[in-house]
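Hi everyone, thanks for coming. I'd like to walk you through one structure today, so please have a look at it before I start.

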Amino acid sequence: MGIKIEKVVLREIRLPLVHFFETSFGRTYERRILLVEVVQDGISGWGEVTCGENPFYNEEWTDAAWLLLKHYIVPPVLKRPLPSADCVAELSAHIRGHRMARGGLEAAVWDLEARLKNVPLWKHIGGGARKEIPCGVSIGIQDSIPQLLKKIETEVNAGYQRIKIKIKPGWDVNVIREVRKEFPSIKMMADANSAYTLADADHLRRLDEFYLMMIEQPLAHDDIIDHAQLQPKLETPICLDECIRSAHHAEQAIALGACKIINIKLGRVGGFLEARRVHDVCKAAGIPVWCGGMLESGIGRAHNVALSTLPNFVLPGDVSASKRYWSRDIIEPEVEVSPSGAITVRDEAGLGYAVNSAYIKEITVREETID
Ligand code: NPQ
Ligand code: MG
C-alpha cells in the first residue's frame, strides 16, 4: 500500500503557557505552533513543527517554517505516489537546515501511514521496547531560588523521575547548590542552552560536586569540538542537544568524546527517519539517549511518546503531562503521567490520541490548504 497525499493543510495555533518558560535565551509566554495535516482517502495524519517563535534556540522560527513548508517542503510530496513514509525526508534533503519545518511534514506522513495500516505509530516506527515511558521535567529559570525549590517539590511529589534545571551565567552554581541541599537524592541535571564558552570551564567544573546526571549543551549550539575539549575537564557527563542535527553529527560527537549522552528531539533532527538513525548510532556506541521536548502541543507530545519506545531511550525524557503546559490540550485524552512518573503507551492506530479539530479551529489564527 503506497501513499498519495491529496492535500496538506497548514495551521498556526496559539497556545498560552500555564506558566512562562525561561531559558538562557529568553522567556516564552505563549506558543505559536504550526500543525501539518496530510490527507489521503479522507484519512488525516498530523504533524507539529516544534520550532520556537524566534530564531534563538536554533535558526528556525514559526514564520520561517510556514514559508518553507509552503514553498519547498510540501510541494514535492503532493499527489505523487510514495512507496512509504521512509521516503519523505529525502524529498527535502536539499534544504540546508530547517529540520523542524521538514520534520513537521515527515512526522505527519508517518502518522498517516500508521493510520492507513491501522497500527499504532510506535509500532510502525519499530518501537515497542516499553509500554511505560519514564518521565522527567524541565524547569525554567525562576524569579527566585525559593520559587524554584517550591516548583521542584511540586514535581517530585507528582512522581517525576528526574528534574532538569535551566541554567545561565548568574543562575547556575549558586542555584544548583541550594537545590542539592534541599533535595540530596533526586536525579537532577542542568541545561545551559549554549550559554557558556570554553573560558568558563573552571566555573562549570564547580558543578561536579553536585553529582548531576549530566549537563546539557553548555557551549555553542554548533560547536562539537569545543565540547570535546570540555568533557575531559568535567566529571559531570555532557549531554548534547542543539549540536546534534543528524546521525552523522552523533557519530562525530561520539568519536571526538564530546558527550556521554545524547538528547534526541524529533524536530531538531528532521523527523522519524533521522531520529531513528541517531538512536541506532548511539545504541551501537553504548551512548544512552532520552527524548527532548520543545513545549509541544498534544500532537508533538504524542509523537515523542512513540519515539520514546525505541530501545535505547533508557533515561527519563522531557516528555511530561499536557497539564504542566496547557490549560487545555488539543488531543483527547490529554497526555497524563502516573504517580510513579510514567506515561502509558496507547494502542490506538496512529498517534494513539484523538485530535480535537473543533478546539483546533477555535485557536487557529491562519490556515492554508496546499493541493
Ligand atoms: C531544551 N526544551 O531542551 C528545550 C529548549 C526550549 C523543555 O527544556 C520556545 C522556543 C520554547 C524554544 C522551550 C526544554 C522553547 C524553546 C524550550 C526551546 O533545550
Ligand atoms: Mg536542551
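**Pocket, cavities, core and metal**

Let's begin with the largest pocket, which holds about 440 Å³ of space. Please keep in mind that what you see is a predicted model. The pocket is lined by 31 residues, and the closest to its centre are F21, T23, F25, T28 and L295. Which elements give two or more residues to that lining? They are β1 (7-23), β2 (26-40) and β6 (163-166). Strand β2 gives the most, with six residues.

Two helices, α2 and α10 (298-307), each supply at least two lining residues. Helix α2 makes the largest contribution here, with four residues.

As a reminder, nonpolar side chains in soluble globular proteins tend to be buried together. The largest nonpolar core in this model has 123 residues, and the two that touch the most other members are L105 and I262. Helix α2 (residues 99-116) provides the largest share of this core, 10 residues. Where does the core lie relative to the domains? Domain 1 (7-119 + 354-370) and domain 2 (123-344) both give residues to the core, so it lies between them.

Let me zoom in on I262. Leaving out residues up to four places away in sequence, I262 touches a whole list of residues, among them C239, L240, I244, V278, P288 and W290. There is also a second, separate core of seven residues, which includes M189, C239, I261 and L315.

Last stop, the metal. Which residues coordinate the magnesium ion, ligand 2? They are D191 (OD), E216 (OE) and D241 (OD), at 2.1 to 2.3 Å. Along the chain, these donors follow the spacing D-x24-E-x24-D. E216 and D241 link distant parts of the chain, 25 residues apart. E216 sits in strand β8 (residues 215-216), whereas D241 is in the loop between β9 (238-240) and α8 (247-256). Are these two buried or exposed? Both E216 and D241 are buried.

Methods:
Residues are numbered from 1 along each chain as its sequence is written. Chains are lettered from A and ligands numbered from 1 in the order in which they are written. This is a predicted model: local features need pLDDT of at least 70, side-chain atom pairs count only at pLDDT 80 or more; totals for chains, interfaces and linings use all residues. Side-chain values use heavy atoms; hydrogens and water are left out. Donors are N, O and S atoms within 2.8 Å of the metal (3.2 Å for Na, K and Ca); water is not among the atoms, so sites may look incomplete. Buried means under 20% relative accessible area, exposed over 50%, partly exposed in between (1.4 Å probe, protein chains only). A nonpolar core is a set of buried Ala, Val, Leu, Ile, Met, Phe, Trp, Tyr and Cys residues joined through side-chain atoms within 4.5 Å. Domain bounds come from an automatic or database domain assignment. Contact means heavy atoms within 4.5 Å. On a 1 Å grid over the protein atoms alone, a cavity is a set of points where a 1.4 Å probe fits but cannot get out, and a pocket is an open set with protein on both sides within 12 Å along at least five of seven lines; lining residues have an atom within 4 Å of a point. Grid points are joined across faces, edges and corners, and a volume is the space filled by probe spheres set on the points.
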